[in-house]
Amino acid sequence: MLGCYGTKKESVCFLIVYLGIVIIILIMEFSVGIAGYGLRGPIEDRIRSQIQTDMADYPKNNATMDPMQRAFACCGADDPSSWLNTSYYNTSGFPQSCCKDMKDCKPGKIFNNSTMNGDGCVDKLKEWAAYNGGTLGGVILTFSFIEIIGLILTCVVIRKVRNQYTLH
């Protein structure tokens, strides 16, 4: 809006403010991208830690574990054995959300490898991020490219308005 208003009114002040805001946004976008790329390892460790915390609080905190294990067809942080040291496993066994097919799972039933998801959720989340990361990166690059074109056009308009007022 600021850029459009500045162009319509031929206000160099508004255009320069718009230019500054877009430059700040671009710097923040690149900073977040660089930080995200550089912090991949610590982010993975944080995700693993959070999943293990959620498992320790299960079933009180099943709002994250059950939907995640069902959506990603996974079980536990690293594999189903991640559940073995939890209080839930000691009293009830594996959660039903670890099952490949819910109709094969009944509470208290001992699951086996043919009825359980064998992959850990951390690995499944990493696969999902790797698969969708290219799409996300493409979208971010497209928006950045559009913003850079906007910056260039804003500079052209500022120069045109300044030249128009200096020639008259």
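Reader: Which cysteine forms a disulfide with Cys74?
Author: Cys74 pairs with Cys121, and their sulfur atoms are 2.0 Å apart. A disulfide here is a pair of cysteine sulfur atoms within 2.5 Å. This is a predicted model, in which local features need pLDDT of at least 70 and side-chain atom pairs count only at pLDDT 80 or more, while totals for chains, interfaces and linings use all residues. Residues are numbered from 1 along each chain as its sequence is written, and side-chain values use heavy atoms, with hydrogens and water left out.

Reader: Where do Cys74 and Cys121 sit?
Author: Cys74 is in the loop between H4 and helix H5 (87-92), and Cys121 is in helix H6. The pair links distant parts of the chain, 47 residues apart. Helices (H or I, at least four residues) are DSSP runs, numbered from the N terminus.

Reader: What about the handedness of that link?
Author: The link of Cys74 and Cys121 is right-handed, with 85° about the S-S bond.

Reader: Is Cys74 buried or exposed?
Author: Cys74 counts as buried because its relative accessibility is 0%. Buried means under 20% relative accessible area, exposed means over 50%, and partly exposed is in between (1.4 Å probe, protein chains only). Cys121 is also at 0%, so Cys121 counts as buried.

Reader: How many disulfides does the structure hold?
Author: Two. The other pair is Cys75 and Cys98, with sulfur atoms 2.1 Å apart.

Reader: Why is the one of Cys75 and Cys98 called right-handed?
Author: Because the torsion about its S-S bond is about 80°. As for burial, Cys75 is at 0% relative accessibility and so counts as buried, and Cys98 counts as buried at 0% too.

Reader: New topic. Which residues are buried in H4?
Author: In helix H4 (residues 62-71), Met65, Asp66, Met68 and Gln69 are buried. H4 is followed by Ala73, which has a positive phi, near 50°.

Reader: Last one: what does Thr154 touch?
Author: Thr154 is in contact (heavy atoms within 4.5 Å) with Leu15, Tyr18 and Leu19, leaving aside neighbours within four places in sequence. Thr154 is found in helix H6 (residues 121-167). Thr154 counts as buried because its relative accessibility is 7%.

Note on methods:
Helix = DSSP H or I, 4+ residues; strand = E, 2+ residues; numbered from the N terminus.
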